[in-house]
Amino acid sequence: MKILAIESSCDETAAAVTQGREVLSSVVLSQADMHAIYGGVVPEIASRNHITAISRLAQAAVDQAGIEKEELDAIAVTYAPGLIGALLVGVNFAKGAAMALGIPLIPVHHVRGHIAANYIAFPQLEPPFVCLAISGGNTAIVDVRGYTDMSIIGTTHDDAAGECFDKAARVLGLPYPGGVPLQNLAKDGDDGAFDLPHAKIQGHPYDMSFSGLKTAVVNIVHNARQKGEALDEAGLAASFQRAVSETLVPRTMAAAESLGYDTVVVAGGVAANVRIRADFERACEKSGRKLFVPPLKLCGDNAAMIGCQGYYEYMAGARAGMELNAYANMDIDKVVF
Ligand code: KG4
């Protein structure tokens, strides 16, 4: 079954043609450069750019798959969560395409899509497993019982991990998105140079908070600047990465232990981080668990992951009508459309 998948939840416009877990084509147009001068994504700019790009990207995905659009069997689209105006562009395009071609429309939850990026990369991977989904807008430890049966068992009470990377990078004068520049700065830094907060949420062992960490980095940088003191920026970046990793990795491992799962999966843009990947490798080796982390091109937003998850949603009976709406927020387990 050939699915045309559409993704437009944030600042990447993406289209792909997939067949089960196989990717026949995948095109991604990042708007990151257009948002960089503002230091973050401007929703209105994101929506406008999705509108100008989406038709051509969808056509390019069909062409690169070597098929005619009449050979498509369904359209899958990210409908939640994300920037509402940005999501609406993809949803309305997908509705039009499904209606014009007379084929089913499959709504896909964005974070479920990030998890499914691992099914593309690792043909042997099957639920159940615990997945840490870490991106610019989401941070969640997910109990993945089945392809469409999952629930969040731990989440952030404030900032997402990626957002925290972006804000810490910004105060250090690094470009947006800040994950990779901050990781590069941290390369030669001492991760013990600064003692940064590792917040715990009482009574919620798998939950997280990153706002205190973000504020601590902002205060260290501002204090040094106000006093005219030299700042060990590499040390601060390395200590920051360590604090994020030491928040994410032990909680995910503890969740895997308590659920009795032998498999740990990481997904989302922040899964590209070398420190977090290395810490997961060590933790999984120590506890005898299998670890799956997607290759870099499948960590960030793309439509192939939406097509792959769309296939499993379709098999589970998910179909949307022309009344499909977009939602800025949507629980991973209470999927409504
Ligand atoms: O999954 P994604 O492309 O978009 C969302 O769905 O949010 O994730 C983007 C986020 C940004 O915050 C970016 O700074 C972060 O992923 N990111 C990284 C790295 N590469 C991207 N964070 C830390 N280390 C990286 N290497």
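This is a predicted model: local features need pLDDT of at least 70, side-chain atom pairs count only at pLDDT 80 or more; totals for chains, interfaces and linings use all residues.
## Division into domains

The protein is divided into two parts, domain 1 and domain 2. Domain 1 is made of residues 2-114 together with residues 299-315, while domain 2 covers residues 127-297. The C-alpha centres of the two domains are 27 Å apart.

## The contact between the domains

Domain 1 gives 20 residues to the contact, and domain 2 gives 19 residues. The size of an interface is often expressed as the accessible area that is lost when the parts come together. Here domain 1 and domain 2 bury about 1400 Å² between them. Of this area, 61% lies on carbon and sulfur atoms. On the side of domain 1, the residues that lose the most area to domain 2 are Arg112, His114 and Cys299. Together these three account for 41% of what that side buries.

Which kinds of polar pairing link the two domains? Five residue pairs are in polar contact between domain 1 and domain 2, whereas the count of salt bridges between them is zero.

## The side of domain 1

The largest share comes from H4, with four residues. By type, the residues on this side divide into eight nonpolar, eight polar and four charged.

## Surroundings of the ligand

The ligand is surrounded by 21 residues. The closest of them are Gly136, Asp166, Gln183, Gly269 and Asp301.

A polar backbone atom of Gly136 is 2.7 Å from an oxygen atom of the ligand. In Gln183, an N or O atom of the side chain lies 2.8 Å from a nitrogen atom of the ligand. Asp301 places a polar side-chain atom 2.9 Å from an oxygen atom of the ligand.

Pro81 belongs to the loop between strand S4 (74-80) and helix H3 (84-101).

Another cis bond joins Pro127 to Pro128, with omega near 5°. Pro128 is found in the loop that lies between helix H4 (110-121) and strand S6 (129-134).

Methods
Residues are numbered from 1 along each chain as its sequence is written. Side-chain values use heavy atoms; hydrogens and water are left out. Helices (H or I, at least four residues) and strands (E, at least two) are DSSP runs, numbered from the N terminus. Domain bounds come from an automatic or database domain assignment. Contact means heavy atoms within 4.5 Å. Buried area is the accessible area (1.4 Å probe) that two parts lose on being put together, summed over both. A salt bridge is a side-chain nitrogen of Lys or Arg within 4 Å of a carboxyl oxygen of Asp or Glu. A polar contact is a pair of N or O atoms within 3.5 Å; within protein, one must be able to donate a hydrogen and the other to accept it, and residues adjacent in sequence count only if both atoms are side-chain atoms. Ala, Val, Leu, Ile, Met, Phe, Trp, Tyr, Cys and Pro count as nonpolar, Asp, Glu, Lys and Arg as charged, and the others, Gly among them, as polar. A residue is near a molecule or strand if one of its heavy atoms lies within 4 Å of it.
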